[in-house]
Amino acid sequence: MNNATTREERFEHGLKILERVDGEAGQRVVDALSDINPELGHQIVAWAFGDIYDRPGLAPRDRQLVTLGMLTALGGCETQLEVHVNAALNVGLSSEQIVEALLHSAVYCGIPKAMNATLVAKKVFGERGLLPVEQQPTAGATSS
């Protein structure tokens with residue numbers, strides 16, 4: 001749990017969580033904001049990661065499942081989805097579990113949003129050498 005109290009302590013704590021969850025991808029997001037909105041980058045690190053991501057109520061893999069679902073539902077978040085698909089892999093979700101979560105999102109978010117999110121996952125999986133992804137059999141399917 002975060003015991004940091006000063007602005008700088010909160011930021012430093014958040015950087016540790018950001019690196020553990022997002023790795024280099026998270027730092028690239030913060031760096032991309034440095035010349036346009038460094039305060040947004042600071043808040044992402046100190047608040048989102050230092051305070052929220054470090055809360056004990058959900059395991060990091062569960063937080064990533066929730067995040068993938070919400071970013072898929074929002075749509076238009078492909079850059080953030082790319083970061084969080086990587087993060088999901090970093091915290092222990094398998095590519096199969098991510099694909100299953102994105103398939104499940106089609107029911108609630110719609111096929112176009114699920115497809116866009118799946119194509120982002122495909123890009124990340126390709127970069128990490130995780131293609132092709134094994135598909136789980138559908139319910140009631142029989143093998144020949």
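These are my notebook entries on a predicted model of one protein chain.

**Overall build.** I began with the secondary structure. The chain has seven helices and zero strands. Read from the N terminus, the order is α-α-α-α-α-α-α. I then looked up the extent of the chain. Its C-alpha atoms fill a box of roughly 65 × 30 × 30 Å along the principal axes.

**Contacts and burial.** Next I checked how far apart in sequence the contacting residues are. Among contacts with a separation of 6 or more, 67% join residues 24 or more positions apart. I also looked up burial. Of the 144 residues, 34% count as buried.

**The largest core.** I turned to the nonpolar cores. The largest one has 17 residues. Which of them touch the most other members? I found Leu 68, Leu 81, Val 85, Ile 98, Ala 121 and Phe 125. Two or more residues each come from α4 (60-74), α5 (78-90), α6 (95-109) and α7 (111-127). The largest share is from α7, with five residues.

**One residue up close.** I picked Val 85 and left aside its neighbours within four places in sequence. Val 85 is then in contact with Leu 68, Ile 98, Ala 121, Val 124 and Phe 125.

**Surface and charge.** The accessible surface comes to about 8800 Å². Carbon and sulfur atoms hold 58% of that surface. I listed 12 positive and 18 negative side chains. The centres of these two sets lie 4 Å apart.

Conventions
Residues are numbered from 1 along each chain as its sequence is written. This is a predicted model: local features need pLDDT of at least 70, side-chain atom pairs count only at pLDDT 80 or more; totals for chains, interfaces and linings use all residues. Side-chain values use heavy atoms; hydrogens and water are left out. A nonpolar core is a set of buried Ala, Val, Leu, Ile, Met, Phe, Trp, Tyr and Cys residues joined through side-chain atoms within 4.5 Å. Buried means under 20% relative accessible area, exposed over 50%, partly exposed in between (1.4 Å probe, protein chains only). Helices (H or I, at least four residues) and strands (E, at least two) are DSSP runs, numbered from the N terminus. Contact means heavy atoms within 4.5 Å. Accessible areas come from the Shrake-Rupley method with a 1.4 Å probe; for residues, only the protein chains shown count as cover. Lys and Arg count as positive and Asp and Glu as negative; His and the chain ends are not counted. The place of a charge is taken as NZ of Lys, CZ of Arg, CG of Asp or CD of Glu.
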